Amino acid sequence: MSMLKLSLLCFFFFQAVYCINNSGSIGVNYGRIADNLPDPSKVVELLKSNGITRVKIFDSDHSVLSALANSGISLTLSMPNGLLSSAANDQSFTDAWLKANIVPFLPKTIIEAIAVGNEVFVDPQNTPHLVPAMKNIYASLSKFNLSSVIKVSSPVALSALQSSYPPSAGLFKSDLIEPVIKPMLSFMRQTGSYFMVNCYPFFAYEANTDTISLDYALLRPNQGVKDSGNGKVYKSLFEAQLDAVFAALDALKFDDVKVVVSETGWPSAGGDKEFGAGPDNAASYNGNLVRRVLTGGGTPLRPNENLNVFLFALFNEDQKSGPVSERNYGLFYPNTHKVYDIPLTLSAMNDTTSNPTNGSKAEAPAASAPVNGGDLSPSTRGRTWCVANVQAGQEKLQSGLDYACGQGRADCGPIQPGATCFDPDTLEAHASYAFNSYYQKMSRASGTCDFGGAAYVVTQLPKVGNCEFPTTRG
């Protein structure tokens, strides 16, 4: 047996083991439209130091592929939209493309998928080339005995949906179904691949701040939104958008095709009219999404299907065109410092939980927005409060309460027996008062309303019996 064949067998075995996953997975998009990013070798060190084991790039840059060699990081690389016509018309083109961009880097670089184009349907002239290009790439992979381990897919924007609300009414646009959606899904079914979707709750919230709760958009505790079609209750806009995709797949009888979220994120800065953009909201969205994904479970429509998500993006990219937000989706600045501090792995989440004083900013203050339902008073603009998250469980609430009233030096006198806020005598009520006291004492600084996930920020004055919560204007 040749060394190449032996190496590829080892590569195939690793990929087979890698694909078995008992919980969801978090990866990150590594975009490079910037003039100040670190060398790819430094980027690999950054990925490894933060426990990131999956990365997606928007091309097949050789310096990146080389840097990822022997790193243990799995890569999804891309064929740019501009090459689809050539790839669709001639398999010899895809043979040559694989010879140049895939084969030389195996097995040292782990390549799990090829993304053929990106949001191709935005350009009607390119759309007809998509599926033929995917088929030729797959044929070339088969020629090199790689088709069983490297998947072929293509990221699709949510704009491909004709209907997405309520989620149960999700449908693909009628003019895309026969020419491209059905052929693409049939190809994915036949090859064991998955459907990629780019999902951005930020865009929906930005355009509908009068009707969408910010807590709902940021995956924070909220009353939820009921789907009028099937009665299911959604606790986050992310899950509602994803289930609209699942419903669209179900409507075409492709409910067996898996889905990967190829992009999602929230900008840490934006222009004057980009409502909701900011570091606290970005930390809240991405931090809560990571927690949601890594703790397992699916959506209301597919509850047993774990979520696999690529965050957008690794870095802020200063050369991107468009609104301010486009240049500010990064988890890291180009100097590799964090834009905000959130855990990206289960072990990091556990470390955060064990040390409330160093909690993430995943529940940081946010601008006032409508909240649909709940035991909250009418909104008071410019103020925020910190309350207990009952979903965190009794142990975390008690630990947070002990810290706030102890080392945190919160004013816990009002919740002592006989005092004004002792009633109701429940752990949730007492923890909420103590958490808020600490939060206000710390001038509502980012990260001071977390307590290892046991607390979160609200924008309406909490009502707990007859107790009045301290308030500080924002």
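Two strands count as paired if DSSP finds at least two bridges between them. Helices (H or I, at least four residues) and strands (E, at least two) are themselves DSSP runs, numbered from the N terminus. Keep in mind that this is a predicted model, in which local features need pLDDT of at least 70, side-chain atom pairs count only at pLDDT 80 or more, and totals for chains, interfaces and linings use all residues. Residues are numbered from 1 along each chain as its sequence is written, and side-chain values use heavy atoms, with hydrogens and water left out.

Strand β1 (residues 25–29) pairs with β13 in the parallel sense over five bridges, and here I26 has V309 of β13 as its bridge partner. Strand β12 (residues 258–264) also runs parallel to β13, paired over two bridges. V309 turns up again here, as the bridge partner of V261. To get from β12 to β13, the chain passes through helix α11 (residues 279–294), and this β-α-β crossover is right-handed. That word means that, with the strands pointing away from the viewer, the path from the first strand over the helix to the second runs clockwise.

Now follow β12 to another partner. Strand β9 (residues 194–198) pairs with β12 in the parallel sense over five bridges, with N198 standing opposite E263.

Next, look for the nonpolar cores. A nonpolar core is a set of buried Ala, Val, Leu, Ile, Met, Phe, Trp, Tyr and Cys residues joined through side-chain atoms within 4.5 Å. The largest one has 104 residues, and I102, M184, F195 and F238 touch the most other members. Helix α10 (residues 237–251) gives the most to this core, with nine residues. Another core, of 31 residues, lies apart from it and includes C386 and Y433.

Note on methods. Buried < 20%, exposed > 50% of the residue type's maximum accessible area, 1.4 Å probe, protein only.
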